[in-house]
Amino acid sequence: MTTAVDRFRAAVDSRDLGALDDDLFTEDIRLYSPVKFTPFEGRPAVLGLFGVLLRTFEDFRYVGEFAGSSQTSADGTEAPSAVLLFRATVAGKEIHGIDLVHLDEDGRIKEFTVMVRPASAVQALGEAVLAGLVADGLAPAP
């Protein structure tokens with residue numbers, strides 16, 4: 001059986017933004033970013049962000065996966081979850097990171113938390129993503 005996490009990984013691996021379709025994410029999905037205090041909320045905002053990320057990351061690859069369950073940030077409920085380990089490069093900085101993915105009762109992605117290291121890579125990622133969001137009209141210029 002193919003899960004939302006499998007479909008998400010396949011879309012990212014193939015860099016296919018179109019494969020991140022409406023039934024993959026809940027309408028009210030939240031994405032917690034390492035470079036922004038408040039989450040990106042709602043399917044349009046999250047899909048816009050993924051468009052920027054797919055252009056920003058160089059040599060992005062998933063290198064591991066763990067499945068289980070954990071509490072969500074939004075309401076603290078226990079939800080089926082997956083941790084996807086990744087490596088990438090942004091502006092010449094090597095990034096090590098994880099995507100923590102929570103699923104709803106229908107198996108769609110309802111919450112997504114991204115954590116990256118080291119701090120210099122977080123800064124490079126933040127600058128690149130902001131520039132992409134501004135270029136796409138998804139954020140005001142600083």
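Modeller: Begin with one pair of residues in this predicted model. His102 has Glu111 in E6 as its bridge partner.

Biologist: How do strands of a sheet pair in general?

Modeller: Strands pair through backbone hydrogen bonds, in a parallel or an antiparallel way. Here strand E5, residues 93-103, and strand E6, residues 109-117, run antiparallel and are joined by eight bridges.

Biologist: Which residue in E5 is the bridge partner of Ser81?

Modeller: That partner is His102. Ser81, in E4, also stands opposite Gly68.

Biologist: How many bridges join E4 to E5, and how many join E3 to E4?

Modeller: Ten bridges join E4 to E5, and eleven join E3 to E4. Both pairs run antiparallel.

Biologist: What should I look for in the hairpins?

Modeller: Look at the residues between the strands and at their phi angles. The hairpin of E4 and E5 has two residues between the strands, and Ala91 takes a positive phi near 50 degrees there. In the hairpin of E3 and E4, with six residues between the strands, Gly76 has a positive phi near 75 degrees.

Biologist: In what order do the six strands form the sheet?

Modeller: The order is E2-E1-E6-E5-E4-E3, in an open sheet with mixed pairing. Strand E2 (40-41) and strand E3 (58-71) are at the edges; each has a single partner strand, so one side of each is left without a neighbour in the sheet.

Biologist: Which strands does helix H1 touch?

Modeller: Helix H1, residues 4-13, packs on the sheet and touches strand E1 (25-32), E3, strand E4 (78-90), E5 and E6. The direction of H1 makes about 170 degrees with that of E3. Helix H3, residues 119-135, also packs on the sheet, touching E2, E4, E5 and E6. Its direction makes about 70 degrees with that of E5.

Biologist: What describes two packed helices?

Modeller: The angle between their axes and the distance between the axes describe them. Helix H2 (residues 43-56) packs with H3 at an angle of about 125 degrees, and their axes are 9 Å apart. H2 and H3 are therefore oblique to each other. The crossing of H2 past H3 is right-handed.

Biologist: Which residues in H2 and H3 meet?

Modeller: On the H2 side they are Leu49, Val52, Leu53, Arg55 and Thr56; on the H3 side they are Leu125, Ala128, Val129, Gly132 and Leu133. The residues of this contact divide into seven nonpolar, two polar and one charged.

Note on methods:
Residues numbered from 1 in each chain as written. Predicted model: local features only at pLDDT ≥ 70, side-chain atom pairs only at ≥ 80, totals over all residues. Heavy atoms only, no water. Pairing = 2+ DSSP bridges. Helix = DSSP H or I, 4+ residues; strand = E, 2+ residues; numbered from the N terminus. Contact = heavy atoms within 4.5 Å. Axes fitted to C-alpha atoms, helices over the stretch in contact; angles between N-to-C directions. Parallel < 35°, antiparallel > 145°, perpendicular 65-115°, else oblique. Left-handed = near helix turned anticlockwise from the far one by under 90°. Nonpolar A, V, L, I, M, F, W, Y, C, P; charged D, E, K, R; others polar.
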